[in-house]
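Colleague: I would like to learn how to read some features of a model. Can we start with charged side chains?

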Amino acid sequence: MRNVSLSALLACSAALYGQANFAEAQEQPLSEEADASEDLRLSTVQVEGFRSSLEEALETKRDADSILDGISSEGIGRFPDLNLGESLQRVTGVQIERGERRRAEIAVRGLPRKFSLVRVNNQAMASPDLNNAFSFGVFESSIFSGADVIKSPTAAMDDGGLSGIVNMKTARALDFTENNLSVGAGLSYEDLPEETYPGFNLKGNYLFSENFGATFALGFSSPDFKRNQNQITDYDPDDNDIQVADDFRYQSTSSSGDRISMAGGLEYRASPELTLGLNGVFAEYDQTSVRDTLRIRNCDDTAGDIVGDTAITSTHSDCRFEAGSRIREDFDSTWAITGDAEWVNDDWRATGIIHYTEGEHDGSLFEVRSRYNDAPASVSVNTGGGDPDDFAINITGLDVNAVDTWGSANDDSELRFFPEGANRENEDTELALQFDLERQLNFGLLDAVQVGVKYRDREQMSFDTSGSDDDIDETRVGDDVFRQSDVDDFSFLVPDAGQVLNAILPLDTTEEINAEGFVLDADVDDFFNTTQDIWATYAMAKFDSENLSNAWPVRARGNVGLRYVRTERTTESVSVIEDPSGDIIEDLSTSFDFEHVLPSANLILDLRDDLLFRVSYSETISRPNPNDFKSSREVELDFDTVGGVDVLEEVEVDNGNPELEPFESDAIDISLEWYNREGSAITVAYFYKEVSGAIQERFSCPTSIAGLENIITGTLSLGPGGNPEEDCFDDAGVQYTVVDTVNSDGSFDLNGFEIGLLQNFDFLPAPWNGFGVQANYTYIDAGETIDEDGELAPVEEISEDTVNLIGYYETDRWGARLAYNYRSEYFTGVGRGTNDGDRTVDARGQVDFSANLNVTDQLSLGFEAFNLTDEPVFEYDGVEERLRNYANEGRTFVVSARYDF
């Protein structure tokens, strides 16, 4: 795999520094309170223990001028959670999707993962993967001092967070008043693969003077984990319309790699009014995954025991057996560097920021399978009937652990090679320039006025150079490439993809090869390069009734503002006409622009010193994935031979749509927060969103198609049926199927509520004063959205109920915490099989435990255990009796030590 560029390493090593977080700083009064805030800022980065971290996050929530929740310092972990996403799942309203490679993508408040806007110190953090949500699994969470999930934005914040803004925070150098250095090391044990891997982190700061300092953080680990799966990916009806399993497999995926993250900053107070900062964040994750699969399909099926319309047991004969392994290498990196200058006096605050971020993904994939058609075996299957622990496949008449079954001794078996996606490249870059100006007024109700401008130059590129199996000489592959694999207690042989690669490469060929060594088969229709110039300006007024000479019964404060955003988008891609005589490829380039005016308002009523009522309104957008709005076109020509002559019979046209507009949302948020005691709170919140602009596929029959004039005879028109999917013909009677993507005209609503509780018991006598509890519950009524076929469907990936329950006990000497996270079932899409069942992931609860012991003032020891009850993931197809996927990752245990110098 490719290493990070030298320029990126030099930039980050020279400038891994903490940025001034203007959106936070702007909430502080200007002059004397800016100086007085030093002690508060110090506390945010010197948090120690469970209780202090929870209280720090609570203070951030209480002081904010919008609705947010977050985690702070030790809340991310002494030796951190498995990744940052695991830490964020404990935040009210956040749901995590781990995936087989522990990508740790998160969803906020009832919308899919792609609608969350991710920021570091309130600036963009480029995503390594353009086609999926942001992967928090790329980060070692120990480099961050905290993270906020902002649920109601202000006009001063970047647009794009339709569901919320996740802002990861790093420390600033002048947050400290003395030098610090902390070194941590840990050892993790994964009980499923029975593997142990190391990790360490280093954090500290150095003050050259009281006005100049540096801070740094480094985290490293070598995750090595495994995921076992029992799968049934298709059900087919028999003659009695009973759904019978038709494609089932045992599958095991082992993942290993190195993950490194760095952050740091320089900060210089040039004068009492002027502060300069330079910061950077860097993360790199180089991961190799090996997936072993025994797959059985294309059988003659006979139903056995039946529940409803599903066969729980069945027998199968004349099946296709496939034993294979797939090796996948993924290199993900992301980094950001930011320079800022802040000038502040009694009346004015001016901030300028220059920011650059870059994300990159390189991936390769190779798969080899040994296929045995119509194998002389009898297969009996038990799907479990809703209890996946009872899932079982019994094979008689065929030894899947014998080389003679899969190797050269069997003339009926064959090796098949799949060098798909052999070189995938994504790149995401952004350069941003920002200037903000605030004037303190204290004029009646008006407290301050803030304005700002921002320019963002964002470029995203994706390119695939897949390989083909041309010129692969399978005679170079011997029977020694087979190895043993297992899923739980079931074992089978597979051809090892790594050994096969060593045997077949280099190819003996004169054809052009790609970077992975295979005959080049570029997927040019998957290429795109898009540039977005985003211009934004805003004006925001802050108000506070305390400025009035006649005091109101309750204090009213907050902000109201408008943000204007204009996007100029240029998309470059290709048109591919798949002709038997050779593909016809043409470049396509399209420009498109759109603009939005986004109002927002946040009102805070201090009903009492300890009771806050908040209400907010905001309009937000979320730009579509570049893979959706690429300007590509794929045209497939289908010919029929008539009298020895090839005659064009059908044309399929798949269009990209470079004029897709953003999703839009109108949102209302209401919360009531009772801070009943210092470090404690009881909160409730209600939220409502109306989302429009969903993307759907559309069949159309235009009279003409630019670029296809030489293919279309005359014009296109609808036939008597009037259905553009089936009745679109040209004057020669050739059928055309034209598909593109559009923004739907409809909208969907979602609403829900949150309840949060944080209580410490320090008012009780010892030893009871060491106890504390944190709990939150989120209910989401997501309703239905419009799917890509234009039909109503449940919103994907969203659980109706989410629960976090954390209990802890802590003294100056030691502490322990037990955490439970639960999310109810959620919809993931429509099944592939003929039954068209809703694919649903069952409800799941996970228990984690952590403890620490302060041996001395400098030395502390830690222990963590994740997924203590070994909870699996269970996915079914329509009804619980129809197993689709049963996956288990096992438990993870971590022991660690930290020394503070």
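Modeller: Start with the term. A salt bridge is a side-chain nitrogen of Lys or Arg within 4 Å of a carboxyl oxygen of Asp or Glu. Two notes on the source come next. This is a predicted model, in which local features need pLDDT of at least 70 and side-chain atom pairs count only at pLDDT 80 or more, while totals for chains, interfaces and linings use all residues. Residues are numbered from 1 along each chain as its sequence is written, and side-chain values use heavy atoms, with hydrogens and water left out.

Colleague: How many salt bridges does the structure hold?

Modeller: Side chains of opposite charge can pair when their charged atoms come close. Here the structure holds 54 salt bridges. One of them joins D191 and R891, at 3.1 Å from N to O. That pair links distant parts of the chain, 700 residues apart. D191 is in the loop between β8 and β9 (195-209). R891 is in the loop between β49 (879-888) and β50 (892-900). The element names follow DSSP runs: helices are H or I with at least four residues, strands are E with at least two, and both are numbered from the N terminus.

Colleague: Is R891 buried, partly exposed or exposed?

Modeller: Cut-offs first. Buried means under 20% relative accessible area, exposed means over 50%, and partly exposed is in between (1.4 Å probe, protein chains only). R891 has a relative accessible area of 25%, so it is partly exposed.

Colleague: Which parts of the chain does the pair of E267 and R172 tie together?

Modeller: The side chains of E267 and R172 meet at 2.6 Å, N to O. E267 lies in strand β12 (residues 243-269) and R172 in the loop between β7 (164-169) and β8 (180-190), so the pair ties together parts 95 residues apart in sequence. E267 is buried, with a relative accessible area of 3%. R172 also counts as buried, at 8%.

Colleague: And what are the places of E875 and R839?

Modeller: E875 forms a salt bridge with R839, their closest N and O atoms being 3.3 Å apart. E875 is in strand β48 (residues 873-877) and R839 in strand β45 (residues 838-841), so parts 36 residues apart in sequence are tied together. E875 is buried at 9%, whereas R839 is partly exposed at 22%.

Colleague: Which residues are linked in a network of salt bridges?

Modeller: K61, D69, R109, K151, R614, D669, E673 and E754. K61 is also among the buried residues of α5.

Colleague: How do I check the span of helix α5?

Modeller: The expected span of a helix is 1.5 Å times one less than its number of residues. Helix α5 (residues 49-63) has 15 residues, so it should span 21 Å; its end C-alpha atoms are 22 Å apart, which agrees.

Colleague: Which residues of α5 are buried?

Modeller: An α-helix has 3.6 residues a turn, so residues three or four places apart point the same way. In α5, the buried residues are G49, F50, R51, S53, L54, E56, A57, L58 and K61.

Colleague: Now surface patches. Which residues make the nonpolar one?

Modeller: Patch residues have over 30% relative accessible area and no salt bridge; like charges are joined within 9 Å, and nonpolar side chains (Val, Leu, Ile, Met, Phe, Trp, Tyr) within 5 Å. Areas come from the Shrake-Rupley method with a 1.4 Å probe, and for residues only the protein chains shown count as cover. L607, Y617, I668, I670, L672, V684, Y686, F753 and I755 make a nonpolar surface patch of about 660 Å². β32 (663-677), β33 (680-692) and β38 (747-760) each supply at least two of its residues. β32 gives the most, with three. Y686 sits in strand β33 and is partly exposed, at 35%.
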